Structures are given as C-alpha cells and as structure tokens.
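Here is a short walk through one protein model, from its strands to its rings and open spaces. Keep the structure open beside the text and follow along.

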Amino acid sequence: KRNGAKAPKNYTLGFGDEITISIFGSSYFQKTFQVSEFGILNLGPQFGHLKITGMPFKSVEKLLRARFSRGFDLSKNTFDLSLSYGRNISINIVGEVNNPGTYSMSALNNAFHALVAAGGPTEIGSIRNVKVYRSGNMVETIDFYKFFINPEGFKIAFLQDGDFLIVPAIMNLVSTSGSFKREMNFEILPNETLQNLVDLSGGFSTNSYDKKIKIFRKTDQEKIIIDIESK
C-alpha cells in the first residue's frame, strides 16, 4: 500500500516495506530504501547497512537520525522518516468470529482491524482475551476494553505474516441495568470485582439510589438474589 505517511510508533518494519528519508533546510536529501529479506537497510556507501529486524518504527527513526547526522547537520535541517510502501501480510483468524479464515492485508493494519475484517466476534466471542500466536508460541493477549476506554493511550499490537489471531469464547458475561450510566452486557475477567464492573459501566447516574446493589445470579438449580452494600 502506497501512503507516504508516518507509520505508528509501534509498527514493526519488515521485508518489503519501503521507507523514505527526507532532509531539508540548508541541505536537501530524499531517498527511498527497501527493507531486505534479512531485515537490513542498505543506506549506500556513505551511511552503510543498518539491521532493523524486529524494531518498532520509533526506534528505527532514532537510529537513522543518528546515522544521517554523520553527513548532515541536523541542527540546521529537518529530518523526516515516512513509510512510503507498506508490505502485505497473511493472517489467520480463528475461533469465535463471524467469518474465520485467512486474510491478506497491509501490515499497517493492527489486531483490531484484523478482527473487524473477520466480521467481529460472535455473540459468545471474547474481546478481552484475544490471543496472538506466532510460530506456534503465544506472543500477546489483547484486552480490547482497554482500547475502547482509552484509545489514545493503548497501543494495539501489529501482526506479522503467518500470525494466528484466536478469539476464545466469553467465560463470564454480566448485564447491568437500573441506574448504571451504561446499561449493557460486559465481559468480566476472572480476577475482576463488582467495582470493576461499576467502573466499566461509567458509575451511577446522579439521581440513583446506590446504597444497595442487587445481584441476580442463576445456577442450574435456582435463582439467587444478593444484596450488596455499595460501601
């Protein structure tokens, strides 16, 4: 995908990606380089080779700035690094998604984009315990609630060619109603408490009587009502 845009800071560069280095001010330099299959940038005879395997875009930018400072006075010039071409990768999405399968997409897409491409989770699909497997090993567990609550502060993982994105079934689903600011179903993790549920619900509305909270719980044999003091 041609874009010529700034890649996200946590984007991992890989084979096939092309980056463009621009230096302008008292000097002018602009050139595009491709990441080799060995994860190396060949910067020419003046600046040599740079191995960037597994490095995020932010770290690569820092290394390149240091390398090009050997030939340019960057106190008098602006240094800019952009991703001019993003490679395509193949991702396997399985489990509780509406359209499981293998998807080809730009590596600039993160795990959330991949989940959307697969039609999102089913009614029983977890979005708090999504797992990324790479070469047979689990490399990340993603809690998308953290992204929904704080989209600016939460960095969703980027995927690599051949990754498996696995969406398991929800283990614990709780519904809120009454004077909660958000009345909806919430997926609650095993180590979370009633206070976590209140926080996810946005707290109580201003006109609520929150001295007591009722919990309705169904078992195989009976329905249980539990009164909880809010304190």
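Strand 14 and strand 15 make a hairpin, with four residues between them. Strands here are DSSP runs (E, at least two residues) and helices are too (H or I, at least four), numbered from the N terminus. Strand 14 covers residues 212–218 and strand 15 covers residues 223–229; they run antiparallel, joined by seven bridges, where pairing requires that DSSP finds at least two bridges between two strands. Look for Arg 217, which stands opposite Ile 224 in strand 15.

Before going further, a word on what you are viewing: this is a predicted model, in which local features need pLDDT of at least 70 and side-chain atom pairs count only at pLDDT 80 or more, while totals for chains, interfaces and linings use all residues. Residues are numbered from 1 along each chain as its sequence is written, and side-chain values use heavy atoms, with hydrogens and water left out. The chain has an average pLDDT of 89 (the predictor's confidence in each residue, from 0 to 100), and 96% of the residues score at least 70. Confidence is lowest in strand 1, with a mean of 56, and highest in strand 11, at 97. Where pLDDT is low, the predicted coordinates should not be read in detail.

A second hairpin is worth a visit. Strand 9 and strand 10 pair in the antiparallel sense over five bridges, and Arg 134 stands opposite Asn 137 in strand 10. This hairpin has two residues between its strands. Most residues other than glycine have a negative phi. Ser 135 counts as exposed because its relative accessibility is 74%; exposed means over 50% relative accessible area, buried under 20%, and partly exposed in between (1.4 Å probe, protein chains only).

Now for the rings. Those of Phe, Tyr and Trp (its six-membered ring) pair if their centres lie within 6.5 Å, and planes under 30 degrees apart count as stacked, over 60 as edge-to-face and the rest as tilted. By this rule the count comes to 11 aromatic pairs. Phe 148 is partly exposed, with a relative accessible area of 44%. Elsewhere, Phe 29, Phe 47, Phe 68, Phe 72 and Phe 79 form one aromatic cluster.

For a contrast in burial, turn to Leu 64. This residue sits in helix 1, residues 57–68, and is buried, at 0% relative accessible area. From Leu 64 to Phe 148 there are 84 residues in sequence and 34 Å in space, C-alpha to C-alpha.
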